[in-house]
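I opened my notebook to record what I looked up in this model.

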Amino acid sequence: MASFSIEEFIGDGVLKGLIPKLLDEGWDDVPTLKIMNTDDMDALNMTEPEKDALEIRSYLHDRALMQYGDRLESSGKCLSELLNLSTVELSSQFGMKRGHIARFMDRTCAFADHLPKSHPSPAATGRMGLQSKNTSIQRSFQSVNSQKILSKLPTRTSSINGKSLEQSLASFKIRDGYIFKGIVAMEPAEPRACGCVQPDPVADKVAPYSTIENISVQKLTPEYKIGMEHLVKTKTPPMKASELWRNKPAVILCIRRPGCIMCRAEAHQLYAKKPIFDSLGVQLFAVLREYMESEIKDFWPRYWGGVVLYDRGMEFFKALGGGKLLKEKFLSGFVFNPRARANYKRAKAMGIQQNFKGEGEIKGGLFVVGGGRSGIAYQFIERNFGDWAPPAEVIEICAQLQNQQEAQEDSCKRSQQSE
């Protein structure tokens, strides 16, 4: 699996000796390292073999094929030469499995971004213009002004995989004709067992800001960087959740169970987009509702390289359910649910490992919270086991928050100048 541990990403090849230099220059996490371009490599005086190795490993990481990193790098071939090899050569020389070869040869996009097609429910689309007295974020969800956003991005453009950071953000821009799910978003509930099993109802209103601002959380891990000890901080004192977004907006990902293959897949695909969230000034947090140290160490930083929080009272999870926990049995929620089974197959195809430790019937979701006390901008509910918040919607909301913050700052400047 494509781990976010920098040591696993770099492997035992020619890049290993570069770790101190990468740390000094701020290339200290995997998502950021993958956007390095030729000029950045030259500034570090990287050799051609080092450049080739980084290109190969970035390409493999996007396709969850890192298990072949050392073997492909040791061949001495560059990425373009490897992509021109035949299926037989890839199999015989590197032991690559047939399905992995197909994934390796697919140059179109990152494998982890392949999502099943979904159709928003009438109830979800009807909430498109939903407004809440608990949030000052009231907007029409129009398309982002991409030029304004791109002007704020780092000047570097990546030559790796033929895809720049700017192109990555542009690819998530909401297109004309896209039906926005609204502030409260969820996937539709499909018929189960020929209609004999009915899914439980879910909240259709955004959670009041007051239900999350005073939640007591404990920080279990820091944001992962190169050279960081693989230790979980168990003695960090509890803090109010509002401290997390006091200065900057935050994405809060509520994990149902860290050993769940679908939860790990969701966390991995979201954190892979860290450079985009960084460019928009948005922080990323994962929230767990069970404390199991071994599970936390397995989850971080392999599947999630950001801060991990512990919500002892499961208050974030209750907020997603309108004041109560959203819970469903395995039989009705997975065995009889075709959408949940499709979510499992999607995660399985990413090469993710799983275990069955912990309670996995209480559902999670995602919040996007504005900076300060501006409120909840977006809320996604895991209606079916393994549902993901649409990345395009999450990024769109974060871009809107950035635009709103800039407008407020411009207004304050004009007021000060007029005085």
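My entries follow, from ground rules to rings, charges, strands and cysteines.

**Ground rules**

I am working on a predicted model, where local features need pLDDT of at least 70, side-chain atom pairs count only at pLDDT 80 or more, and totals for chains, interfaces and linings use all residues. Residues are numbered from 1 along each chain as its sequence is written, and side-chain values use heavy atoms, with hydrogens and water left out.

**Aromatic pairs**

I began with the rings. A pair of aromatic rings is described by the distance of the centres and the angle of the planes. Rings of Phe, Tyr and Trp (its six-membered ring) pair if their centres lie within 6.5 Å; planes under 30 degrees apart are stacked, over 60 edge-to-face, and the rest tilted. I found nine aromatic pairs by this rule.

I looked at F316 and F367. Their pair is tilted, with 6.0 Å from centre to centre and 50 degrees between the planes. F316 lies in helix α17 (residues 315-320) and F367 in strand β7 (residues 365-369), so this pair ties together parts 51 residues apart in sequence. I noted that helices (H or I, at least four residues) and strands (E, at least two) are DSSP runs, numbered from the N terminus. F316 and F367 are both buried. Buried means under 20% relative accessible area, exposed over 50%, and partly exposed in between (1.4 Å probe, protein chains only).

Next came F330 and F334. Their ring centres are 5.2 Å apart and their planes meet at 20 degrees, so I logged the pair as stacked. Both sit in helix α18 (residues 330-335), four residues apart, which is about one helical turn. Is F330 buried or exposed? F330 has 51% relative accessibility, so it counts as exposed. F334 has 15%, so it counts as buried.

I also found a cluster: ring pairs link F4, Y271 and W304.

**Charges over rings**

I then checked for charges. A charge sits over a ring if NZ of Lys or CZ of Arg is within 6 Å of the ring centre and within 35 degrees of the ring normal. R63 lies over the face of Y59, 3.8 Å from the ring centre. K363 lies over the face of F385, at 5.3 Å.

I turned to strand β4 (residues 250-254). Five of its five residues are buried. A250, I252 and C254 point one way, V251 and L253 the other, and all are buried.

Which strands pair with β4? Two strands pair if DSSP finds at least two bridges between them. β4 pairs with strand β5 (residues 283-288) in the parallel sense, over five bridges. There, L253 has A286 as its bridge partner. β4 and β7 run antiparallel, and five bridges join them.

I looked up I397 in helix α20 (residues 391-418). I397 has 0% relative accessibility, so it counts as buried. I397 and V368 are 29 residues apart in sequence but 7.7 Å apart in space, C-alpha to C-alpha.

**Cysteines**

How many disulfides does the structure hold? I found zero. A disulfide is a pair of cysteine sulfur atoms within 2.5 Å. C263 is buried, at 3% relative accessible area. C412 has 46% relative accessibility, so I wrote it down as partly exposed.
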